[in-house]
Amino acid sequence: MARAWPPRRRRLPPLPLLLLLPLLLVAALPGGKGQQRNGAPDGDGLTYVSEYFSQSAQRLSFYSWYGNAKLFRFRVPEDTVLLRWLLQASRGSGPACGRTQVTIHFRYGAPPVINPRGTQFPANMSLPGSYSQTLPLAGMLQNATFLNLTSPAAGDWFVLAHLPEATGKIEVKGFSTPCAYTFQPDMFVLRVLEVSSLEPDVPSWQTISRPAWPLHTKVFVPEYSTTLKVELRGCTANMSVACALRLTLGSATLPQSFQKVLNCTGEAFPCSLLLASPPWEKWLRITVESLSGPSASVSFQVVASFTACKPGGASTFLAFYQSLNRSQAVPPAAGGSPNATWPAGADASALGNTCVRSQPIVREDLDVVSVMFRVLGEPGVPVRPQVPTLLLLNLNSGADSGGTLVLGLRLNKTASIPGNVTVLACLSAASPVLNPNATGDCRTAFSRGYPLNVSASSTEAVLSIPFPETDNWFLSLQLLCPKDGGECAKALVMVTAFLSPCFEDCGVYGQCSFLRRHGYVYAGCSCKAGWSGWGCTDGSKAQSVGAQTLAALLLTLSNLLFLPALAVALYGYHLVEASVYLFTMFFSTFYHACDQPGVAVLCIMDYDTLQFCDFLGSVVSIWVTILCMAQLKKMPKYILGVLGTLCIAMSLQLDRRGVWNMMGPCLFALVIMISVWVYRGVKRRHCYPPCWKRWAFFLFPGISLAAIALAVYAFMETNENYYYTHSLWHVLVASSVAFLLPPGDRPKRLWAWSRKLLCGYQICKNDREELYAVT
């Protein structure tokens, strides 16, 4: 059986590879090649089903921030015993395609947290690991490899692919054709149908007929389970060989697997494996393999037993609800607070013989990948030394793993707390840490949590986790009393927990951007002004405020070089061209003042409007300058000027970054100018323009400046030197316009215009008078 998730059109692997994949899956079945077919039961009654999941190929980009990496999400079904990824990468065959490599990252439960540039992460940020491997693209146009994982964890798996770090060169669209690098992962799973389940404290007889056919079973872990004990007993073999078994608990994850493995041999039976803090409300995979020999049949009993934990504080939520109703119905006394609090006796009675105290907490969804957790009850969470206080942070919706989880603790320091008191905290996923004092490193059955602590000397602690795993998260708090035996009954801790898209909204020098892949939304920071890092907090290569101010002044004040071109245009009575130059100078100045990445920013209107006007003015300036050099008659010149401006505006609206938006009008205007010049030269039998001084002192310098400006714009600009090269582009273009404008036709007497108008008015008046006199 094969299916694709999500359903969409995709590029399939080559046909020989597709024909080979079922054979590879069959070969990976227990018992070796040919002993199991898809959908057929084996000798122990197990039925294996293979499934195929694929997503469309994505074009890769060179890495500069997290948005350049391509993310793929796969869902591994329950009871999967074998997971195999087919990783395919390809590149184009053009001259721009060189040797490179594709870096691929894998992580279970959330997108991988990567750092290809080696930047610094924010303080107090704990990094979840990820598994990575590289796929080279050297002499071959495509390459493929496999990644196998036995007994993978069921749920969301994320694959992230990207190219090496970007060079920083600004590519002008149309001047060069970038190489196309693509990547496509395909996932093949082999799962078992109708896996048997164990009942707690009920022995179950099992038989392994052949060592190649292991036992796959599972048990459900209820809530508030402190320990799980899986015991193998009564092992017998059908031959005169020692009974030997391997017991494996849990599923495999990447980059690190916390599966528990125990070998039971000889007289070790009954053989048991004890798990502390197993994952709550989940099915736990149990795998038993025979080590007794190639033809030995082994029979044994499997028993799973739990130690339950009686939660305290279960009735406090009802007490809080009742107190809340009372606070709304009865006005508070003088000096009292209208906010409801926990009853004094409820907290003490909730302890009793319990081993954990539950603190109610409310999840409030604010926006996309934005959640606030509010603690109910007192202003602070009461923490005691006898039992830990447990808070549940529900991040199990499937849409919460694309943000950053932030946890803040603040000790409410009062006179009743000794100076050397400490509150230990553990934040863990799937299962809580029920004894923070004993574990130290916040270790649970299959994971390692994140430790924190607050004390009288350090009353605040902050922890941030990027891309938290999709699961229920638990915060365990316990009071550590001083060894001198001082009074230590209770402490209040202010807990702040929330999920935000980006760490501190990427700060001043970053922008938080939402990214989407097949309906899954996650966020990343795009840094500027030389800042880098996960939250744009790494300022090792950042620009100083002085450098930012200098860059802003260069990009804005360099537009003042249009003033000489404006003066030349007015002197030659090219009034239309002068108005276009004034428009370009104004909007280019304020567009670059608004386009600054740092703190020296000034936006007089919407950024998109300023950008459009800057691009429009730049291209129209070139268009009207070349038409003016052609020295057409007024009517054709004005018609071409207006039609060209309208066409340029339309093309810029379609694609503002395309090089042909500039080159198209330039080439068309050059064709018109050269045609007119050739026609006049042939007609006059003389070179046009006829004066050699015009060529030597104006046309050649202007053309040279324009060519240098074009080369700087197309081939020299990078992210590091943009402020200088683009300012040079402004200077060269404005200077070339001042050289290329032709001399205009100066009117003989400007004041004669008013006399002509006045005279015309007098003639009309006299004619009317004469007509009136005749009548």
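The text below goes through these topics in that order.

The model is predicted, so local features need pLDDT of at least 70 and side-chain atom pairs count only at pLDDT 80 or more, while totals for chains, interfaces and linings use all residues. Residues are numbered from 1 along each chain as its sequence is written, and side-chain values use heavy atoms, with hydrogens and water left out.

**Aromatic rings**

A pair of aromatic rings is described by the distance of the centres and the angle of the planes. Rings of Phe, Tyr and Trp (its six-membered ring) pair if their centres lie within 6.5 Å; planes under 30 degrees apart count as stacked, over 60 as edge-to-face and the rest as tilted. By this rule there are 32 aromatic pairs. Two of the tilted ones are tabulated here.

| Pair | Centre to centre | Angle between planes |
|---|---|---|
| Phe106 and Tyr131 | 6.1 Å | 40° |
| Trp695 and Phe700 | 5.8 Å | 50° |

Phe106 lies in strand S6 (residues 100–108) and Tyr131 in strand S7 (residues 131–137), 25 residues apart, and their pair links distant parts of the chain. Helices (H or I, at least four residues) and strands (E, at least two) are DSSP runs, numbered from the N terminus. Buried means under 20% relative accessible area, exposed over 50%, and partly exposed in between (1.4 Å probe, protein chains only). Phe106 is buried at 0%, whereas Tyr131 is partly exposed at 28%. Phe700 is partly exposed too, at 48%.

Ring pairs also join Tyr66, Phe121, Phe158, Phe467, Tyr520, Tyr522 and Trp534 into a cluster.

**Surface patch**

A nonpolar surface patch consists of Trp660, Leu667, Leu670, Ile674, Val678 and Val682, with about 590 Å² of accessible area together. Patch residues have over 30% relative accessible area and no salt bridge; like charges are joined within 9 Å, and nonpolar side chains (Val, Leu, Ile, Met, Phe, Trp, Tyr) within 5 Å. A salt bridge is a side-chain nitrogen of Lys or Arg within 4 Å of a carboxyl oxygen of Asp or Glu. Accessible areas come from the Shrake-Rupley method with a 1.4 Å probe; for residues, only the protein chains shown count as cover. Ile674 belongs to helix H10 (residues 660–684) and is partly exposed at 48% relative accessibility.

**Strand S27**

Eight of the eight residues of S27 (residues 422–429) are buried, so the strand is largely enclosed by the rest of the structure. Two strands pair if DSSP finds at least two bridges between them. S27 runs antiparallel to S28 (residues 450–455), with six bridges, and Val423 has Val454 as its bridge partner there. Eight bridges, also antiparallel, connect S27 with S30 (residues 471–480), where Trp473 stands opposite Ala429.
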